[in-house]
Amino acid sequence: MKVFIADEVGHFNEKKNLSAIYSLHVHPLGKKLATGSQDYNIKIWDLDIVFSQMEPNPLKNPLLSTLSAHKGPVLCVRWSSISGQYLASAGDDSKICIWEQVRCALLFIQSEILTLCSASRQTGNLVDLDGEGNVERYRVKKELFGHQGGQNDVADLAWSPDNSYLASCGFDGKVCIWNGSTFEKIIALDCHEGFVKGVSWDPVGKYLATQGDDKFLKIWRISDWGLEHEVSEPYRLAASTTFFRRLSWSPEGSYIVTVNGESGSLPIAPLVDRGEEWNCDSSLVGHQGQIEVGLFNPKLFKQGDQPTGDFVGYCALGSQDCGVSLWSTKLGRAMINIKALFRHTVLDLSWTPDGFTLLASSYDGHVAVLRFSSNELGTPVSEERVIMEMSKYGYQRNKVIIAETPAQLQLEEEYRNSSSAAQLALPIPQEAPSGPSIQPVVQAEEMVVESNLSSKDVSELQTVSVKGGKKRITPVTLKSVSNVSEARQSNLNIATVPQESSVRGKESIEDPARKRKQPTESLNASGSKRQQTSITASDVKLKYVMPTIISTTKIPKLLAIPTASRTIAWTMNKDDQTITIQCENNMKQGSSKITCSSQSKVFWTDFLQSVVIHVKGTNKFTAISCADGTLYIYSPAGRRILPCIALESAAKFLDCSESHLMVITALGNVSVWDITKKKSIVSRENMTHLLKLETGENPQIITIVDAAIKPFGSPQVVLSDGSMYLFELDLREWVRVWEVESDSLEFSKARHQKDQLTTFSILENKICAFLAGKQPNEFRDALHMYARKLADEGALEKVIELCDELLGPPTT
């Protein structure tokens with residue numbers, strides 16, 4: 001496997017800084033890539049040139065065209081299926097644009113290139129080139145307005161497999177279905193009670209799946225656009241802090257990978273099993289942040305000498321923890337879990353048509369490329385074989401059986417009675433093999449990871465365990481390697497670790513077709529009974545082995561968070577007046593009203609969809625944390641100066657000083673930001689090792705009694721045992737600056753010694769602590785005491801070291 005950051009792909013703003021790339025999509029023919037960005041533009045890239053960055057002599061400037069028609073950030077770009085004739089784009093301007101390429105003929109006359117466009121400049125609505133030097137030209141064929149009223153961003157788009165329909169979803173809570181040829185609106189599905197952030201079509205052609213902030217997955221019938229089923233349990237506890245909820249069907253239509261689930265405080269990607277009940281008993285667990293996007297590989301693979309029907313599928317996940325993971329259905333665990341691939345959230349994923357290359361885009365403006373070999377994934381199965389698998393759910397080539405027709409039910413009845421039909425089995429317990437290592441090979445301006453993972457290694461199964469009927473996935477833990485480029489490359493952590501577990505539970509999962517009521521006879525057009533016809537599809541069911549199953553228990557929060565009260569207020573003085581930030585919590589609705597005022601004058605007001613538990617501020621900003629783990633930053637005028645920050649759990653402590661903001665979460669992680677510079681100072685530094693369990697006759701758990709942030713940005717905590725710790729920014733470690741019992745004991749011993757008021761160790765500890773805490777007066781006093789003590793004791797070597805340290809290195 002090779003991984004690199006595509007430096008040539010990016011959207012730059014007026015200040016030459018990278019803009020967030022909200023979406024990307026590979027052309028169905030695999031030659032082009034479309035990206036949509038925060039800079040309001042869409043860009044088309046030549047993938048051959050992008051991939052050439054991995055070669056010794058890479059080609060330059062892969063940009064083919066820049067498209068500008070939106071009046072806001074472009075949130076989604078999707079090529080039409082099969083040939084990619086159209087490109088659909090959507091943004092937060094509530095508009096959908098359908099683009100098509102303008103075909104040109106080049107004539108060389110007297111050394112000049114004359115471009116003759118097949119569309120007229122007067123009637124073709126050609127995109128303004130604006131000096132970008134476009135190689136390809138595109139025009140807006142049609143603009144679609146179906147998500148109207150207010151700021152109704154269009155979050156996601158999806159073309160049906162045969163291009164009959166285009167589906168769009170937005171923040172108005174609607175899912176619009178458009179005709180794929182005329183682009184007229186067919187219907188608007190208004191059944192979500194919150195923002196709809198993800199939409200995906202069933203490859204069989206029977207259903208449409210949508211997912212929204214109302215914490216529901218909804219399955220819609222295409223035959224009458226009615227609601228088939230809805231799922232809510234895996235998403236009920238998850239925070240609504242993701243940019244998107246982009247879901248995906250497996251290529252043969254057996255499963256849906258969904259996102260932004262939560263189980264026991266762990267972010268999960270629930271897998272929904274196709275069937276009458278649409279069970280959701282399996283989940284992909286391995287990321288530390290909420291999962292934004294899940295995408296199945298468009299191909300099924302066969303590895304080695306596997307028997308007929310025993311195929312492997314792959315699913316990629318992108319998360320708010322800045323990482324990307326790849327999961328194998330045969331292996332039963334994540335093949336890789338790349339942590340810190342980007343510096344910010346992963347927002348979109350796209351596979352190339354051959355299934356061997358995965359591209360990912362991030363909020364930091366970068367695009368990453370992950371290239372796999374056939375030794376790692378296997379050999380793609382033929383399209384005919386995938387169609388045979390889909391036919392078990394009613395699919396026919398060039399014809400999709402939409403309704404529950406007798407022909408389809410007859411097909412499923414024959415398949416159910418087939419003696420050779422293989423059930424979906426869990427992996428057989430066996431000794432877990434030692435995980436193969438993936439050694440990083442670093443080159444000049446690219447990240448290359450050479451994989452020793454063979455198809456034999458991939459085919460071996462991990463052991464499993466089942467508890468309470470729920471299934472969970474064991475992730476592959478990855479370790480870090482050094483940065484490849486100081487300016488542009490991100491840390492890539494890759495190393496596989498073998499997992500160990502035990503097996504118990506069900507031996508198989510019943511096929512969903514067996515639960516349906518099957519007709520034994522059907523009527524022909526004349527109304528007479530006819531016999532059932534033979535099955536043309538293969539009788540062997542796709543053996544789609546689910547990932548490794550382990551049991552998980554709810555992880556308790558280490559620190560108790562404050563109980564939300566009806567009113568929380570914070571006051572500060574500014575320009576000789578008292579400013580009050582007041583939060584009024586509505587406990588029944590789970591919302592809060594924020595008001596900034598001075599006496600009877602109200603400066604600004606805002607509303608949040610969660611109850612507030614902390615509010616702090618300075619003259620430069622106001623910080624508000626909510627019970628659902630969200631954090632909001634306001635300017636003095638009430639403007640949100642940062643996007644909503646999604647913490648891994650609710651905040652236990654919140655403090656600020658000048659331009660610095662500190663948060664300690666209930667999981668014991670400490671983060672510090674410089675709000676003015678919009679820069680992270682301390683990122684999720686864990687301090688749970690400081691909360692040790694005291695032993696003895698009366699054991700007591702040490703807790704945090706107070707926390708504050710120093711003006712220079714270092715967090716400081718006081719524990720219940722009286723000790724005080726400071727996070728030293730240069731050392732990146734917690735240092736103890738005061739411990740009551742230890743210091744008192746040392747002073748007590750010192751009093752019994754001849755004329756000895758203190759000891760060297762205590763003074764040395766205090767000098768280091770005052771220096772780390774940047775306390776000049778206390779440092780000077782302790783240094784004077786230490787110097788006198790050295791002179792009294794005649795400690796010549798320590799005196800020489802102290803003088804050298806104070807004078808600095810010698811000069812010539």
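**Notebook: salt bridges in a predicted model**

I began with one pair: R385 is buried, and E389 is buried too. Both sit in helix α3 (residues 383-390), 4 residues apart, about one turn of the helix.

I checked what I was reading. This is a predicted model. The protein chain has an average pLDDT of 75, and 71% of the residues score at least 70. I marked residues 105-131, where pLDDT is below 50. That stretch still has 41 contacts in the model beyond near neighbours in sequence. I also marked residues 399-404, where pLDDT stays under 50. There the model has 16 contacts beyond four places in sequence.

Next I searched the whole structure and found 21 salt bridges. I looked up R246 and D156, whose side chains meet at 3.5 Å, N to O. R246 lies in the loop between β19 (227-231) and β20 (248-249), and D156 in strand β12 (residues 154-159), so the pair ties together parts 90 residues apart in sequence. Buried or exposed? R246 counts as buried, at 2% relative accessibility. D156 counts as buried at 2% as well.

Then I took D606 and R640, a salt bridge of 2.8 Å, N to O. D606 is in strand β45 (residues 601-608) and R640 in the loop between β48 (630-634) and β49 (645-646), so this pair links parts 34 residues apart in sequence. D606 counts as buried at 17% relative accessibility. R640 is partly exposed, with a relative accessible area of 40%.

Last entry: salt bridges with shared partners join R78, D156, R246 and D348 into one network.

Methods
Residues numbered from 1 in each chain as written. Predicted model: local features only at pLDDT ≥ 70, side-chain atom pairs only at ≥ 80, totals over all residues. Heavy atoms only, no water. pLDDT = per-residue confidence, 0-100. Contact = heavy atoms within 4.5 Å. Salt bridge = Lys/Arg side-chain N within 4 Å of Asp/Glu carboxyl O. Helix = DSSP H or I, 4+ residues; strand = E, 2+ residues; numbered from the N terminus. Buried < 20%, exposed > 50% of the residue type's maximum accessible area, 1.4 Å probe, protein only.
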